[in-house]
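Please open the structure in your viewer and keep the selection tool at hand.

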Amino acid sequence: MQMRLIEDGAAIAAPVLRLTELCKNFGERQILKNIKLEVIGGSAVALIGANGAGKSTLLRSLVRLVEPTSGKIELLGKDVTALAERDLVRLRSRVGVVFQKHNLVSRLSALTNVLHGVQSRSNGPQSWLQCLASRSDRDEAMRCLAAVGMQNVALQRVDSLSGGQSQRVAIARMLMQRPEMVLADEPDASLDPQSGEEIMNLLYKLTKEKKLTLIVSSHRLEHTQHFSDRIIGLADGRITLDQPSATSSSKNLRSFFIDRAA
Amino acid sequence: MTRAATPAVRRFESPGIFAFMVWALVIAFIAWSFAETGPSLERLMRGANRLIAPDGMLARMFPPEISRLPQVLRSLLETFQMATAGTMLGIVLSFPLAILAAEGLSPNRILRGLSRGLIAVFRTVPDLVWAIIFIITVGLGPAAGVLAIMVDTMGFAGRFFAEAMEETDKGPREALSAIGATRPGLIFSAVVPQALPAFTATTLFCLEKAVRGSVVLGLVGAGGIGIELKTAFDLFDYDQALTVIIAIFILVIAVEQLSGWIRREII
Ligand SMILES: Nc1ncnc2c1ncn2[C@@H]1O[C@H](COP(=O)(O)OP(=O)(O)OP(=O)(O)O)[C@@H](O)[C@H]1O
Ligand SMILES: [Mg+2]
């Protein structure tokens, strides 16, 4: 399966992510059990699994928003688990994260929120409010907004935007960060079907354009198949499915979309 | 299972012996308090008589005497300026104090504990006591009043600012720390903008409180219109006193109206 990806582009064959025996316990409960995974640079990986399978925990632990219990995470050439606080901050700035909730500051304009994406780069008031930002940062933020089709609402407050528009602004903020890879945790989950599909398409298209690695979780079968190269299935804290999206059959995947509660 | 009869629910939970003793003590203390300090009916009647008798206090208040109006207005302005200056100083200083006291924003536990303690001391010691302390240290006059209002404001606003910042939506904060934002970055990009309406409301409330409070501060000599009121009462010039009271009334109402308007417009 890695062979297939290497055919896609020879220059991006090195893994940007390698997980070895990654475990995460919450108290007594084992949420991630010996996860082993390699992701090739530039690929788009979809992460699927029923509610509570551990998708969010896995994504978050990659940048230590959740501290792994044991195991090794190598991300963008760094041993994440061994990083000191300061180096962790530096690594985080290289990884774009999109959440299920847009997590924008609702009282501020879309443009200001996008400028927040340079927080780690320009350390100081320049990234707090758009009126304080440098000309070049403002221009770049406008380009990021344009890339997600939101340049027309740049000066509107986020709380006046729809859910889909807000999620686009959140993606623009992520682009502003000039990330080297992108993690997205159910970016389509709180949106209506059409906006959700647009967001997934946008993320896939943008990351492909910029040759960024994308790891995205989703609860929608069709999104998973259309907007990824490879599908990883999590069940009960283990990877139980790993296949190219192109040859995946909906029938095999379906069990990963059945909620445990059901 | 057999159908068990639903148990009858008692109308009253019979109190335990301890709860009963506590209640009895509370009631006894309330009764005792009235007996020791409450006005007797006879005294109330005499008081009412003194107030409304033909040569009583009310009669001597009307019509208000306005010969000293310019002086009264000057003191009124001084009162308002004291309140404004003291509130602004207090607000500016409570901001860093609140950051140090806020859970999740404070750099460490010791600083957090210290600033919480300081805020608590500022809040629990009454402003009149602060005024007396500052009169002793910086002397009689409005400067003492300004400092007293400042400390009082810090006690109040410091706590409310910290709470407002703690209650902001954690999402934006997490999103920014996920991309490597620093503490000041988080505070000024994600926390302060969200807490701004609460800050404004608290500031306006502090100003209203300071205007009312600064009248009393004048009574002990910390500047402002309070001293006019005290002099008038001491000399039994009740008609002068009424002018001062009306002036205070107008100022307080005006400030309340103004802050209500600002609140509606801005928030
Ligand atoms: N901070 C936490 N403390 C304790 N348990 C947690 C914590 N976070 C997650 N869990 C538990 O870990 C399990 C996996 O959660 P996770 O959020 O990773 O699942 P998920 O696959 O993302 O599910 P969903 O599809 O609902 O988003 C769940 O059972 C959850 O209750
Ligand atoms: Mg999740």
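**A tour of salt bridges**

Begin by selecting A:Arg18, A:Glu38 and A:Glu74, which are joined in a network of salt bridges. The model before you is predicted. Over all chains, the number of salt bridges comes to 23, and three further pairs are visited below.

Next, select A:Lys33 and A:Asp236. Their side chains form a salt bridge, with 3.4 Å from N to O. A:Lys33 belongs to strand β2 (residues 29-40) of chain A, whereas A:Asp236 sits in the loop between β9 (230-235) and β10 (238-244) of chain A, so the pair ties together parts that are 203 residues apart in sequence. Is A:Lys33 buried or exposed? Its relative accessibility is 14%, and A:Lys33 therefore counts as buried, the cut-off being under 20%. A:Asp236, with a relative accessible area of 45%, is partly exposed.

Remain in chain A and select A:Asp87 and A:Arg90. The side chains of these two residues meet in a salt bridge of 3.5 Å, N to O. Where do they lie? Both are in helix α3 (residues 85-93) of chain A, 3 residues apart, which is about one turn of the helix. A:Asp87 is partly exposed, at 33% relative accessible area.

Finally, turn to chain B and select B:Arg212 and B:Glu256, whose side chains form a salt bridge at 3.1 Å, N to O. Because B:Arg212 is in helix α9 (residues 183-219) and B:Glu256 in helix α11 (residues 238-266) of chain B, this pair ties together parts 44 residues apart in sequence. B:Arg212 is partly exposed, with a relative accessible area of 36%; B:Glu256 is also partly exposed, at 31%.

Methods:
Residues are numbered from 1 along each chain as its sequence is written. Chains are lettered from A and ligands numbered from 1 in the order in which they are written. This is a predicted model: local features need pLDDT of at least 70, side-chain atom pairs count only at pLDDT 80 or more; totals for chains, interfaces and linings use all residues. Side-chain values use heavy atoms; hydrogens and water are left out. A salt bridge is a side-chain nitrogen of Lys or Arg within 4 Å of a carboxyl oxygen of Asp or Glu. Helices (H or I, at least four residues) and strands (E, at least two) are DSSP runs, numbered from the N terminus. Buried means under 20% relative accessible area, exposed over 50%, partly exposed in between (1.4 Å probe, protein chains only).
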